[in-house]
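Biologist: I'm new to this one. Could you show me how to read it, step by step?

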Amino acid sequence: MTKLRSVTLNEKTQSLCELPILSGTTGPDVVDIQSLYQQTGMFTYDPGFTSTASCSSSITYIDGEKGILLYRGYPIEQLAEHCTFLEVCYLLLNGELPNTDEMQQFEGTITMHTMVHDQLTNFFKGFRRDAHPMAIMVAVVGALSAFYHDALDIKSKRDRDISAIRLIAKVPTIVAMCHKYSTGLPFMYPQNKLSYVENFMRMMLGTPCDDFEPNPVLVKALDRILILHADHEQNASTSTVRLAGSSGANPYACITAGIACLWGAAHGGANEAVLNMLEEIGDVSNIDKYINKAKDKNDPFRLMGFGHRVYKNYDPRAKLMRETCHEVLTELGLHDDKIFKLALELERIALEDEYFIEKKLYPNVDYYSGIVLHALGIPSNMFTAMFAMGRTVGWIANWDEMIADPDQKIGRPRQLYTGITRRDVPQHIKKG
């Protein structure tokens, strides 16, 4: 980060202050406004922080105009094609891809921490069977700090690393338990002989009655979904994790804050919304009707899974997810299934329609991941929990980076106050 230039803030002809311009390794420069209030008595106003860099980070970079997504400098396309999810986890946490020995040790450590404390299962009994999985997940992940409080010194790099391993290892187990509890089926314990994704699929979809045989095509598909969702710069949930962590909260509380934020429909619920939309459309014969509704500004209907607030052109993750989607549908023989036939026809029409091309409303990663998860047999109310499982490593990497940053401060956003100014309590209200 360099400070070679500055900008001057003027009010009419009067110079108010000079502010340094900071340059990173790539991407837009930023104006350092830390001294703005001290120099001018004014704050900046930026609802949603859409023009504000809240931190410096070396983890993930996005260029929405060009459709670029990099994890530690590596293009997402290369990582999804050549790496496993655990290799990407190692990369996000450590800054470099692992060699063979490092990967073997990392994978072995993760495997040995996949089980959760047996008393943790008692938490599930306090929920109704029809409770939303995200409600359960928020409570159970937050409760981990009550069971694993031997490594909660956030100033210790060793303790932070232990917490990172535990979260990456245990969150899939908890996600699977959330699903099993809601369906009334017994919890499935992890098996050390299986890979990370195989283990999760067995815990999620298997039963004690049958042996689980992992399908390599489906395992690869889920592994890719996790890679594509592992991190996405300073989004709402990652910023929430950082804000919670800035107070010195323990890592489990911080990740829980991220899970709660992700639960919001505007953030993590997009792929679930895709399935709900497809079910509403119902049949291929209804597509034209709903396309016209989507074009009508006065109609509340919106096509879910098209366009992205960050990517102004094509979402780089969508191309990869589209390939995976077709691989899964072919493997399972579902191309003629009603819901998937509808999804593929809607995709075809949207990609050819001038309205969507002009507005750059291309299918995004949520559109295809929702279809894939549904094909894998995962119910739509579990989609956001699956998103949280993939994003956990990104949250942890950002939390760890923030704690290690010597410039880190407790988050304290300012406001533009628009309420009533000072006034006195009326005489008839005063007592005595």
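Predicted model: local features only at pLDDT ≥ 70, side-chain atom pairs only at ≥ 80, totals over all residues.

Biologist: Where is the place of S237?

Modeller: S237 is in helix α10, residues 236-245. Helices (H or I, at least four residues) and strands (E, at least two) are DSSP runs, numbered from the N terminus.

Biologist: Is S237 buried or exposed?

Modeller: Buried means under 20% relative accessible area, exposed over 50%, and partly exposed in between, with a 1.4 Å probe and protein chains only. S237 counts as buried because its relative accessible area is 0%. Contact means heavy atoms within 4.5 Å; leaving aside neighbours within four places in sequence, S237 is in contact with G258, C261, L262, H267, R391 and W395.

Biologist: And what about D400, with which residues is D400 in contact?

Modeller: Beyond its neighbours within four places in sequence, D400 is in contact with K157 and R160. The side chains of D400 and R160 are joined by a polar contact of 2.5 Å. D400 sits in helix α18, and D400 is buried because its relative accessibility is 13%.

Biologist: Which residues touch the most other members of the largest nonpolar core?

Modeller: A nonpolar core is a set of buried Ala, Val, Leu, Ile, Met, Phe, Trp, Tyr and Cys residues joined through side-chain atoms within 4.5 Å. In the largest one, with 119 residues, M137, L346 and Y367 touch the most other members. Helix α18 (residues 383-404) gives the most to this core, with 13 residues. Not counting residues up to four places away in sequence, L346 touches M277, L278, I281, I287, I291, L303, F306 and Y367.

Biologist: Last one: what is the order of the open sheet of 3 strands?

Modeller: Two strands pair if DSSP finds at least two bridges between them. The order is β4-β5-β6, with antiparallel pairing. The edge strands, β4 (60-63) and β6 (74-75), each pair on one side only. β5 (residues 68-71) pairs with β6 over 2 bridges, and Y71 stands opposite Y74 in β6.

How values were computed. Residues numbered from 1 in each chain as written. Heavy atoms only, no water. Polar contact = N/O pair within 3.5 Å; in protein donor to acceptor, adjacent residues only side chain to side chain.
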